[in-house]
Amino acid sequence: MATTTFSGPIKAGTIKNTTGTTAGSNIKNTGQVLMSQSFSFAYSTEGSATDTTVVIPANSQIVRIDVNVETAFNDSGADIVEIGSSADTDLYVNDVSIAAVGKIALGTAALCANWKDIGTTDIVVGYIYNGANNDATAGAATATVSYLQNINLS
């Protein structure tokens, strides 16, 4: 299957500029296309801050972060994940349990303020998986970061 790469941001809609007052005729109706990038991690990365191959473009707004736990993490203590930048691994998600299989939609009021506009430079997404006793023998998950590219809400 072929892939297509665009130099974003990508906008969709039929009216690019507002020239009047009639919806559907002459009022701008373009909007940003939601972008997503994913990375996987496993119990074997326990305790190590790790950069991913996910890079969020400058001035983007993060709108959602999901973690899909495929295999429960089984440290004998608490199992948590943090997601952020390579320099600050809990910038976007802090201490979320990944001890059970399933989808976890993430975001807290305090951390979502960091989602509004990631800043003027691209961000390499980083994470850390921590088990309380550093003895996990199982665990696998995929995290997906969804964002609006270069919306520039700062």
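Two strands are taken to pair if DSSP finds at least two bridges between them. Helices (H or I, at least four residues) and strands (E, at least two) are DSSP runs, numbered from the N terminus. By these criteria, β5 and β10 pair in the antiparallel sense over nine bridges. Thr-71 stands opposite Ala-140 of β10. The structure is a predicted model, in which local features need pLDDT of at least 70, side-chain atom pairs count only at pLDDT 80 or more, and totals for chains, interfaces and linings use all residues. Residues are numbered from 1 along each chain as its sequence is written, and side-chain values use heavy atoms, with hydrogens and water left out.

The protein has one helix and 10 strands. From the N terminus, the elements follow the order β-β-β-β-β-β-β-β-α-β-β. Along the principal axes, the C-alpha atoms fill a box of roughly 65 × 35 × 25 Å. The accessible surface (Shrake-Rupley method, 1.4 Å probe) is about 8300 Å². Carbon and sulfur atoms account for 51% of that surface. Of the 154 residues, 36% are buried. Buried means under 20% relative accessible area, exposed over 50%, and partly exposed in between (1.4 Å probe, protein chains only). Contact means heavy atoms within 4.5 Å. Among contacts between residues at least 6 apart in sequence, 74% join residues at least 24 apart.

Strands of a sheet pair through backbone hydrogen bonds, either parallel or antiparallel.

Another open sheet of four strands has the order β4-β9-β6-β7, and its pairing is antiparallel. Its edge strands, β4 and β7, each pair on one side only. The twist averages 25° from one strand to the next. Within this sheet, β6 and β9 form an antiparallel pair over seven bridges. Ser-85 has Val-125 of β9 as its bridge partner.

The largest nonpolar core comprises 28 residues. Such a core is a set of buried Ala, Val, Leu, Ile, Met, Phe, Trp, Tyr and Cys residues joined through side-chain atoms within 4.5 Å. Phe-41, Ile-65, Val-67, Ile-83 and Ile-98 have the most contacts inside it. At least two core residues come from each of β3 (34-42), β4 (50-56), β5 (61-71), β6 (79-85), β7 (93-97), β8 (102-106), β9 (123-131) and β10 (140-148). Residues up to four places away in sequence aside, Ile-65 touches residues including Ile-83, Tyr-92, Ile-104, Trp-115 and Val-145.

Thr-45 lies in the loop between β3 and β4. Its side chain joins that of Tyr-127 in a polar contact of 3.4 Å. A polar contact is a pair of N or O atoms within 3.5 Å; within protein, one must be able to donate a hydrogen and the other to accept it, and residues adjacent in sequence count only if both atoms are side-chain atoms. Beyond its neighbours within four places in sequence, Thr-45 is in contact with Thr-50, Tyr-127 and Tyr-129.

Asn-59 is in the loop between β4 and β5. Its phi is near 65°, a positive value in a residue other than glycine. Asn-59 counts as buried, at 14% relative accessibility. Asn-152 is in the segment after β10. Its phi is also positive, at about 55°. Asn-152 counts as partly exposed, at 42% relative accessibility.

Key
Axes are lines fitted to C-alpha atoms, for helices over the stretch in contact, and angles run from 0 to 180 degrees between N-to-C directions.
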